[in-house]
Amino acid sequence: MTRHAIVDLPDEAATLALGERLGARLRSGDVLALVGDLGAGKTCLARGVARGLRVADPDAVASPTYLLVVEHDGPLPMIHADAYLPAKLKAFLDDGGAAWLLERGGVVVVEWADKVAALLPERRITVRLAPRSDGRPGRRAEIDGPDELDWLAHV
Ligand SMILES: Nc1ncnc2c1ncn2[C@@H]1O[C@H](COP(=O)(O)OP(=O)(O)OP(=O)(O)O)[C@@H](O)[C@H]1O
Ligand SMILES: [Mg+2]
């Protein structure tokens, strides 16, 4: 069984706010998998998560496409990874990156997570971002996560 929720995101502020609510709930070792096309709002959601986690400089959260993995300091570090180039991220993880990640004990947020689904732990929260189906501006977030996270159903 998994938790499932759908959240309407009429504008960028709503995406940030959803990220912030998620970030406030995340715990050490949690993995947040972000899925969505170019410009879907993944980085915007990640910035909200950074706010919710109270990292030192949430506005510094940007698409880490060419950096692959960026760590943001906070009470719990946020490790922000980008799998747009999945072979590069895989090489990083194979080359000691996976052990480094575990040792950080933070929260891991992965953009383009669908490209590296096989590398991610089964226990993760997935947020799929897509345009609204009615053609109005904004996005729709579809969230799936482990059953024990009952708060997910009303995030
Ligand atoms: N709910 C929303 N409604 C309308 N626009 C939004 C919404 N959420 C985010 N945006 C806007 O969408 C644009 C793209 O957002 P963002 O950079 O976060 O996407 P992304 O998925 O990370 O893209 P990329 O794959 O290129 O890294 C930004 O201008 C952002 O402000
Ligand atoms: Mg991005």
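Which of the 18 residues around ligand 1 come nearest? They are Glu-12, Thr-15, Lys-42, Thr-43 and Cys-44, where being around the ligand takes a heavy atom within 4 Å of it. Keep in mind that this is a predicted model, in which local features need pLDDT of at least 70, side-chain atom pairs count only at pLDDT 80 or more, and totals for chains, interfaces and linings use all residues. Residues are numbered from 1 along each chain as written, ligands are numbered from 1 in the order written, and side-chain values use heavy atoms, without hydrogens and water.

Let's look at the polar contacts (N or O pairs within 3.5 Å). The side chain of Lys-42 puts an N or O atom 2.7 Å from an oxygen of ligand 1. Thr-43 has a polar side-chain atom 2.8 Å from a ligand 1 oxygen, and Ser-63 has one at 2.8 Å too. On its own, ligand 1 has 640 Å² of accessible area (Shrake-Rupley, 1.4 Å probe), and the protein covers 73% of that.

Two of those residues turn up again at the magnesium ion, ligand 2. Its protein donors (N, O or S atoms within 2.8 Å of the metal; water is not included, so the site may look incomplete) are Thr-43 (OG1), Ser-63 (OG) and Glu-111 (OE), at 2.1 to 2.4 Å. Thr-43 sits in helix H2 (a DSSP run of H or I, at least four residues), while Ser-63 is 20 residues away in the loop between H2 and strand E3 (an E run of at least two).

How do they differ in cover?

Conventions:
A polar contact is a pair of N or O atoms within 3.5 Å; within protein, one must be able to donate a hydrogen and the other to accept it, and residues adjacent in sequence count only if both atoms are side-chain atoms. Donors are N, O and S atoms within 2.8 Å of the metal (3.2 Å for Na, K and Ca); water is not among the atoms, so sites may look incomplete.
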